[in-house]
Amino acid sequence: MDGDRVEIDGGIMEGGGQILRVSTALSCLLGLPLRVRRIRAGRSQPGLRPQHLSGLEIVRDLCEGKLEGGEIGSTEITFSPGKIKGGTHIADTKTAGSVCLLMQVAMPCVLFAASPSELHFKGGTNAEMAPQIDYTLMVFKPIVEKFNFTFNCDIKKRGYYPQGGGEVVVQMSPVKELSAINLTERGTVTKIYGRAFVAGALPIKLAKDMSAAAVRCIRKEIRDLYINIQPVREPDDQAFGTGSGIIIVAETSTGCLLAGSSLGKRGKNSDKVGIEAAEILLKNLKHGGAVDDSLQDQLIIFMALAKGVSRVKSGPITLHTQTAIHFAEQLTKAKFTVTKSEEEDPSKDAYIIECQGMGMINSNL
């Protein structure tokens, strides 16, 4: 058996949990036994954290696979996948570990399951170093559904650092195959909207301050567009713990969605949170890409699995994206190329990510 295992070095390039997510999902999809060594070697606390372990366990459960080395702090795992089934599955980090990162590893797998799936993800819905659930719903979902699948995502409860306690339920039906996408025409920004939220012990005034600061910041660059960032206080029965943050989305004439977001934390001025999100959004608009920096790497696995050639125009390629491409190429037959976009406007720093997908077929359907 060992001769056929794919060996993955978890310490190269981005050196974090993303290597684990991409390689485990592809191992499950392709039926390739896997060994990952030096897990998260690039991090201050190497090895599996609760969130990575929950992600591995849900993939194992989805395909009745075998997982060895699955404990907190482990720096090496072996994984042998079985057949992907549908059904109801739960992944609980028992911490504020991001539910969105759990979705990243499980979603591609259940697209190629034998029957519909209902996935319950428990942990942090708005966590540092991960997409916020609002980003997943407002940006990731509408764009990723262009690959020709749909999913339903219901926020049962929001959860924040340090306790977590959030829950999101995702329902998906399997597909026969994924279609290639073309996201190369950015178009012009037609509207900017978002939400600034507080939960738990925090007053609504903080949300209003975040929103106002963000609008002022965007106004310096974009004067003639209506900006609607709603300040909201999360209902107490739908949020666990205390948290705050903001997400701002720019929508373009061609249907592109680019965002900036930021989270509040103790000692961080609410104006600063709003300005941070606004500056990230403006930076994403400046490079001229059709996707923002947070979406780049999340599209790679779907591009690799799709049938045909996908093309995505983005800003400078992030290390997360380079890492995702490296492991997607290593495990699938997909071929990626990244070229500088031939822009008329020299101030733009845009790139075209092109992928000849492997054309994965769901043999269960």
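1. Overall size. The protein chain, a predicted model, has 365 residues, for which a compact globule would have a radius of gyration near 21 Å; the chain has 20 Å, which agrees. The radius is taken over C-alpha atoms, and the globule rule is 2.2 Å times the number of residues to the power 0.38. The C-alpha trace spans about 60 × 50 × 40 Å along its principal axes.

2. Basis of the values. In this predicted model, local features need pLDDT of at least 70 and side-chain atom pairs count only at pLDDT 80 or more, whereas totals for chains, interfaces and linings use all residues. Residues are numbered from 1 along each chain as its sequence is written, and side-chain values use heavy atoms, with hydrogens and water left out.

3. Surface and burial. Of the 365 residues, 56% are buried (under 20% relative accessible area; exposed is over 50% and partly exposed in between, with a 1.4 Å probe and protein chains only). The accessible surface comes to about 15,100 Å², and carbon and sulfur atoms contribute 50% of that area (Shrake-Rupley method, 1.4 Å probe; for residues, only the protein chains shown count as cover).

4. Contacts and secondary structure. Among contacts (heavy atoms within 4.5 Å) with a separation of 6 or more, 75% join residues 24 or more positions apart. The chain holds eight helices and 17 strands, which are DSSP runs numbered from the N terminus (helices H or I, at least four residues; strands E, at least two).

5. Helix α5. The 16 residues of α5 (residues 204–219) should span 22 Å at 1.5 Å a residue, and the end C-alpha atoms are 23 Å apart, which agrees; the expected span is 1.5 Å times one less than the number of residues. Its buried residues are A207, M210, S211, A213, A214, C217 and I218. They cover an arc of only 165 degrees around the axis, so they lie on the same side of α5; the arc is that of the directions from the helix axis to the C-beta atoms. Their packing partners are β10 (189–199), β11 (227–233), β13 (243–252) and α6 (270–286).

6. H320 lies in α8 (residues 319–331) and, at 33% relative accessibility, counts as partly exposed. Apart from neighbours within four places in sequence, H320 is in contact with E14, Q18 and D297. The buried residues of α8 include T321, F327 and L331, and the buried residues of this helix pack against elements including β1 (6–9), α1 (17–30) and α7 (293–305).
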